[in-house]
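Here is a short briefing on how parts of one protein chain pack together. Look at the sequence and the 3D view, then read on.

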Amino acid sequence: MANFDHDDAPPNSAAPPAAASSSDALGYDPNFVPDSVKSFVVHLYRHIREKNVYEIHQMYETSFQTLSERLFKDTPWPSVDAVAHYVDNDHVFCLLYREMWFRHLYARLSPTLKQRIDSWDNYCSLFQVVLHGVVNMQLPNQWLWDMVDEFVYQFQSFCQYRAKMKNKTEQEIALLTQFDQAWNVYGVLNFLQALVEKSMIVQILEQEKEGLEQFTSTDGYDYNGGSNVLKVLGYFSMVGLLRVHCLLGDYHTGLKCLQPIDISQQGVYTSVIGSHITTIYHYGFANLMLRRYVEAIREFNKILLYIYKTKQYHQKSPQYEQILKKNEQMYALLAICLSLCPQVKLVEETVNSQLREKYGEKMIRMQRYDDEAFAIYDELFSYACPKFITPSAPSFEEPLVNYNQDAYRLQLKLFLYEVKQQQLLSGVRTFLKVYSTISLGKLANYMEVDEPTLRTILMTYKHKTHAVDGDGKIISNADLDFYIDDDMIHVVESRPAKRYGDYFLRQIVKLEGVINDVDRIKLE
């Protein structure tokens with residue numbers, strides 16, 4: 001059985017985690033503030049006060065990464081106490097600084113248990129200010145997305161860390177017992193839900209549909225001097241909730257949390273590449289686990305095409321490694337979907353050729369009903385699934401064992417059980433593809449079963465090729481359907497209506513490009 005270690009690398013880091021104590025060995029002084037850092041915090045503080053989103057974005061995306069690379073490759077940034085007096089001891093700025101401080105620590109080093117708990121406390125304070133204080137600033141969407149993304153990542157990381165009980169010291173167990181509310185699953189879900197509700201984002205998106213609000217058209221920014229922080233955090237928290245519920249294996253609730261966002265349209269979630277990919281990855285995975293294969297294939301196809309066209313623009317981004325990893329995982333998930341539900345017509349040619357290159361051979365083997373096919377499903381699922389977690393705290397009295405793989409094993413078992421049932425039906429599909437009508441007796445003969453058994457298999461096929469969508473309607477995943485009339489099976493192949501409009505539009509754009517190129521050529 002394929003078994004991957006389910007402690008994922010930090011989202012923004014390609015660097016291997018160093019030992020937590022390496023900062024001491026290198027003589028790290030948390031109170032020493034280099035001039036470049038002093039200048040960084042002073043300018044960032046000023047831009048935040050002036051609501052200069054463009055400058056904040058430049059400093060956050062570029063300067064922070066550059067300084068981290070140059071000065072803090074394997075040590076933390078200076079402590080918040082050391083920089084506080086350069087920014088008038090501003091409480092909110094200090095919370096934001098600490099949020100970045102912890103994110104850098106997670107990306108570059110291995111946080112200690114105390115640091116994990118401190119980071120939780122900092123998020124609690126920061127979200128309390130956003131929910132109950134007066135926040136009068138605008139922050140870039142990238143930063144607000146990273147906040148929610150990191151919050152969920154650190155929760156996942158904490159659950160994985162806590163589940164590895166085997167080598168825990170007495171001191172660590174005492175700390176875990178003392179701070180049992182840190183990264184509590186209810187606390188995490190409550191914060192995300194509170195941000196959604198307090199921001200009124202669901203109502204805002206509803207009103208936008210009626211033309212009464214402008215949220216998506218301004219990418220969530222407030223051009224009337226207000227603040228975008230609560231609204232955009234509320235918006236991204238819906239994606240955060242989807243992700244947490246996927247980690248817990250509750251796909252139905254996860255998709256319900258995302259419902260206010262219309263993912264068939266461009267939205268604020270597409271304004272940040274990390275958010276776009278995370279949303280579609282978890283949305284597609286949840287649909288795959290709920291047997292809504294057509295929906296999963298459709299969305300994976302769109303995002304993989306988008307990444308294919310745009311990834312060269314993100315090469316310098318700190319998220320680049322993560323973009324490539326999710327891209328590979330989504331190809332594996334698409335291979336699974338298409339093997340269980342052969343709807344190649346839904347996949348663009350570019351994505352299809354990439355898929356064939358990566359998984360063509362495996363997909364042919366996955367069509368068979370044998371142990372090898374089963375092993376490939378196991379391997380691809382294990383590689384591409386989210387890092388499932390067990391959210392409950394362990395019993396500290398019992399013998400200390402590692403249980404960090406338990407949730408993953410359970411989801412894998414459920415998935416493979418479904419695959420086994422689906423594989424039984426691939427034989428039926430092969431025969432139905434060949435005939436437009438065939439008698440029950442003849443098909444039973446071909447399949448070497450008796451008629452009552454065949455009827456059961458056909459009923460199972462009907463059941464397994466249908467699923468319930470988000471609105472509670474029954475939808476078909478099959479590329480062919482059938483009905484039985486007087487012991488005769490009539491096969492109906494579902495053919496999607498050809499969209500000539502798209503083809504002509506693409507050709508017109510190409511022709512315009514050629515005409516423009518010709519116009520540029522100056523004849524001698």
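In this predicted model, helix H11 and helix H13 touch through a set of side-by-side residues listed here: Phe236, Val239, Leu242, Arg243 and Cys246 come from H11. Their partners in H13 are Ser275, Thr278, Thr279, His282, Tyr283 and Ala286. By class, this contact has six nonpolar, four polar and one charged residue.

**How H11 and H13 cross**

- H11 covers residues 229-248, and H13 covers residues 273-289.
- Their axes are 10 Å apart and meet at an angle of about 40°.

**How H19 and H20 cross**

- H19 spans residues 440-447, and H20 spans residues 451-464.
- The two helices pack with axes 9 Å apart, at an angle of about 90°.
- The range for roughly perpendicular is 65 to 115 degrees, and H19 and H20 are therefore roughly perpendicular to each other.
- H19 brings Leu440, Gly441, Leu443, Ala444 and Met447 to the contact.
- H20 brings Glu451, Leu454, Arg455 and Leu458.
- Six residues of this contact are nonpolar, one is polar and two are charged.

**Glu99, a residue in H5**

- Glu99 sits in helix H5, which runs over residues 91-108.
- Is Glu99 buried or exposed? Its relative accessible area is 2%, and the cut-off for buried is under 20%, so Glu99 is buried.
- The side chain of Glu99 makes a polar contact of 2.9 Å with the side chain of Tyr123.
- Leaving out residues up to four places away in sequence, Glu99 touches Asn122, Tyr123, Leu126, Trp143, Asp146, Met147 and Glu150.

**Thr270, a residue in a loop**

- Thr270 lies in the loop between helix H12 (251-258) and H13.
- Thr270 has 13% relative accessibility, so it counts as buried.
- Which side chain does the side chain of Thr270 meet in a polar contact? The partner is Gln266, at 3.3 Å.
- A polar atom of the Thr270 side chain also lies 2.6 Å from the backbone oxygen of Gly267.
- Thr270 and Asp219 are 51 residues apart in sequence. In space, they are 9.3 Å apart, C-alpha to C-alpha.

Methods
Residues numbered from 1 in each chain as written. Predicted model: local features only at pLDDT ≥ 70, side-chain atom pairs only at ≥ 80, totals over all residues. Heavy atoms only, no water. Axes fitted to C-alpha atoms, helices over the stretch in contact; angles between N-to-C directions. Helix = DSSP H or I, 4+ residues; strand = E, 2+ residues; numbered from the N terminus. Contact = heavy atoms within 4.5 Å. Nonpolar A, V, L, I, M, F, W, Y, C, P; charged D, E, K, R; others polar. Buried < 20%, exposed > 50% of the residue type's maximum accessible area, 1.4 Å probe, protein only. Polar contact = N/O pair within 3.5 Å; in protein donor to acceptor, adjacent residues only side chain to side chain. Parallel < 35°, antiparallel > 145°, perpendicular 65-115°, else oblique.
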